[in-house]
Amino acid sequence: MTNSMVSAMILSDLVMGRENDWSKLYDPNRFKPLTSAKDLVTQNIDVAKHFVGDRISVPKEESADDITEGEGRVLEIDGEKTAICKLDGAVHSVSATCTHMGCIVAWNNAERSWDCPCHGSRFNYDGTVIQGPANEDLKEVSLSDKKKSD
Ligand code: FES
């Protein structure tokens, strides 16, 4: 609604030959591909760093028993990255693979959420999507069905 009003004002000023302060802001030629390309490349390098680096940096010697109250960690259990947290005495475990594009989530201790470092998706402690771009919850993982890496 707001954009339609602004565009109507800009167009009517163009037709009438008047200056409009917002016309530069909405100018379709304002896009500078070379300037934008630098940011695009930088952001994609960061995503690639997390996508690859987080897969090889998870310690394998830990088990869910090592996690203290209020803490969350990503552990490798039976070859799968598993996001495990302990809240109010209960252990919650979900897949650590972000449902957006597959990066590995990390525990946000302040918000008690699983946050994806690649594009900013956030998930509740139980894997429920809080904020996109991911629109699917993290898959629940049953620790009792899996052998814990002790
Ligand atoms: S991979 Fe894009 S938000 Fe997680």
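**Figure 1. Helix α1 and the residue that follows it.** Just after α1, G17 takes a positive phi of about 75 degrees. This view, like the others, shows a predicted model. Helix α1 covers residues 2-16. The number of buried residues among the 15 of α1 is 0, so the helix lies largely in the open.

Figure 2. V6 is found in helix α1. With 15 other C-beta atoms within 10 Å, V6 is partly exposed, because a residue needs 20 or more to be buried and 12 or fewer to be exposed. Leaving out residues up to four places away in sequence, V6 touches W22 and Y26. E76 is 70 residues from V6 along the chain, and the C-alpha atoms of the two are separated by 53 Å.

**Figure 3. The two assigned domains.** The domain assignment of the chain gives domain 1 as residues 1-29 and domain 2 as residues 31-150. Between the C-alpha centres of domain 1 and domain 2 the distance is 44 Å.

**Figure 4. The open sheet of β1, β2 and β3.** The 3 strands form an open sheet in the order β1-β2-β3, with antiparallel pairing. β1 and β3 (90-95) stand at the edges with a single partner strand each, so one side of each is left without a neighbour in the sheet. From one strand to the next, the twist averages 30 degrees. As a general point, strands of a sheet pair through backbone hydrogen bonds, either parallel or antiparallel.

**Figure 5. The pairing of β1 with β2.** β1 and β2 run antiparallel and are joined by 6 bridges. The bridge partner of G72 in β2 is C85. E76 stands opposite K81, which is also in β2. The two strands form a hairpin with 2 residues between them, and in this hairpin D78 takes a positive phi near 50 degrees.

Figure 6. β2 and β3 pair in the antiparallel sense over 6 bridges. Opposite A83 stands V94 in β3, and opposite L87 stands A90, also in β3. The two strands form a hairpin with 2 residues between them. D88 lies in the loop between β2 and β3. Although D88 is not a glycine, its phi is positive, at about 50 degrees. D88 has 8 C-beta neighbours inside 10 Å, so it counts as exposed. As background, most residues other than glycine have a negative phi, and most peptide bonds are trans.

**Figure 7. R112 in the loop between β4 and β5.** R112 is placed in the loop between β4 (106-108) and β5 (113-115). Phi of R112 is near 55 degrees, a positive value in a residue other than glycine. With 14 other C-beta atoms within 10 Å, R112 is partly exposed.

Figure 8. The peptide bond from G132 to P133 is cis, and its omega is near 25 degrees. P133 has its place in the segment after β7 (129-131).

**Figure 9. The largest nonpolar core and W114.** The largest nonpolar core holds 21 residues, of which A83, C98, V105, W114 and C116 touch the most other members. The elements that give two or more residues to this core are β1 (72-77) and β2 (80-87). W114 is in contact with G72, A83, V105, W107, F123 and L138, leaving aside its neighbours within four places in sequence. In general, nonpolar side chains tend to be buried together in soluble globular proteins.

Key:
Residues are numbered from 1 along each chain as its sequence is written. This is a predicted model: local features need pLDDT of at least 70, side-chain atom pairs count only at pLDDT 80 or more; totals for chains, interfaces and linings use all residues. A nonpolar core is a set of buried Ala, Val, Leu, Ile, Met, Phe, Trp, Tyr and Cys residues joined through C-beta atoms within 7 Å. Helices (H or I, at least four residues) and strands (E, at least two) are DSSP runs, numbered from the N terminus. Two residues are in contact if their C-beta atoms, placed from the backbone, lie within 7 Å. Domain bounds come from an automatic or database domain assignment. Two strands pair if DSSP finds at least two bridges between them. Axes are lines fitted to C-alpha atoms, for helices over the stretch in contact, and angles run from 0 to 180 degrees between N-to-C directions. The expected span of a helix is 1.5 Å times one less than its number of residues.
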